[in-house]
Amino acid sequence: MGIPIGTYKRILLVMIEALENIMKHSRKPACIAETGQDSVSTLSIMREGNMFSLCSSNILDNSAMPVLQKKLDHLNSLSKQEVKDLYKDTITNGEFTNTGGAGLGLIEIAKISGNKIGYEFRPLHETCSIFTLQVKIEESRG
């Protein structure tokens, strides 16, 4: 498709992080039991000119929304250098979450893309929502 290798690698890395987030944090079985609805997780990649847009969606518990929203808003408030500094600090602090990571996934997405992370929570049931994440990656030149 004529995509420069640097851009291709950034798309691939963001895609892997988005898929890991779906795998680790999706709460589909519990929500299906509560709502009777079956909603699948999704990942899409679109190209518009020199911009690629990766969009992922999955179901998550409403109880997880405030922490996730706070983390995303904080990341989006940082400059590119501040995101890099946060990444370095997080990777070296040795603290791990109960899902096995150090909370690096979203930080890495912000660092790799170099752009703000778009997101949305759509209520599905009183206990769960559909979380959508949108990341834009500009095609690198030369």
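I count two residues as touching when they have heavy atoms within 4.5 Å of each other. I am working from a predicted model.

**Entry 1: overall layout**

I began with the secondary structure and found 5 helices and 4 strands in the protein. Reading from the N terminus, I noted the order of elements as α-α-β-β-α-α-α-β-β. I then looked up burial: of the 142 residues, 35% are buried. I also looked at how far apart in sequence the contacting residues are. Taking contacts with a separation of 6 or more, I found that 69% of them join residues 24 or more positions apart.

**Entry 2: S53**

I located S53 in strand β2, which covers residues 51-61. Is S53 buried or exposed? Its relative accessible area is 4%, and the limit for buried is under 20%, so I logged S53 as buried.

Which residues does S53 touch, once those up to four places away in sequence are set aside? I listed S44, I45 and M46, and also Q134, V135 and K136. With Q134 there is also a polar contact, side chain to side chain, at 2.8 Å.

**Entry 3: α4 against α5**

I next looked up the packing of two helices, α4 (residues 80-92) and α5 (residues 104-113). Two numbers describe such a pair: the angle between the axes and the distance between them. For α4 and α5 I recorded an angle of about 150 degrees and an axis separation of 9 Å. I noted the crossing of α4 and α5 as left-handed.

Which residues make the contact? On the α4 side I wrote down V83, K84, L86, Y87, T90 and I91. On the α5 side I wrote down L104, I107, E108, A110 and K111. Sorted by class, the contact of α4 with α5 comprises 7 nonpolar, 1 polar and 3 charged residues.

**Entry 4: I91**

I went back to I91, which sits in α4 and takes part in the contact with α5. How exposed is I91? I found a relative accessible area of 45%.

Last, I checked I91 against L104, which is on the α5 side of the contact. I91 and L104 are 13 residues apart in sequence, and I noted a C-alpha to C-alpha distance of 7.3 Å in space.

Notes:
Residues are numbered from 1 along each chain as its sequence is written. This is a predicted model: local features need pLDDT of at least 70, side-chain atom pairs count only at pLDDT 80 or more; totals for chains, interfaces and linings use all residues. Side-chain values use heavy atoms; hydrogens and water are left out. Buried means under 20% relative accessible area, exposed over 50%, partly exposed in between (1.4 Å probe, protein chains only). A polar contact is a pair of N or O atoms within 3.5 Å; within protein, one must be able to donate a hydrogen and the other to accept it, and residues adjacent in sequence count only if both atoms are side-chain atoms. Axes are lines fitted to C-alpha atoms, for helices over the stretch in contact, and angles run from 0 to 180 degrees between N-to-C directions. A crossing is left-handed if the near helix is turned anticlockwise from the far one by less than a right angle, and right-handed if clockwise. Ala, Val, Leu, Ile, Met, Phe, Trp, Tyr, Cys and Pro count as nonpolar, Asp, Glu, Lys and Arg as charged, and the others, Gly among them, as polar.
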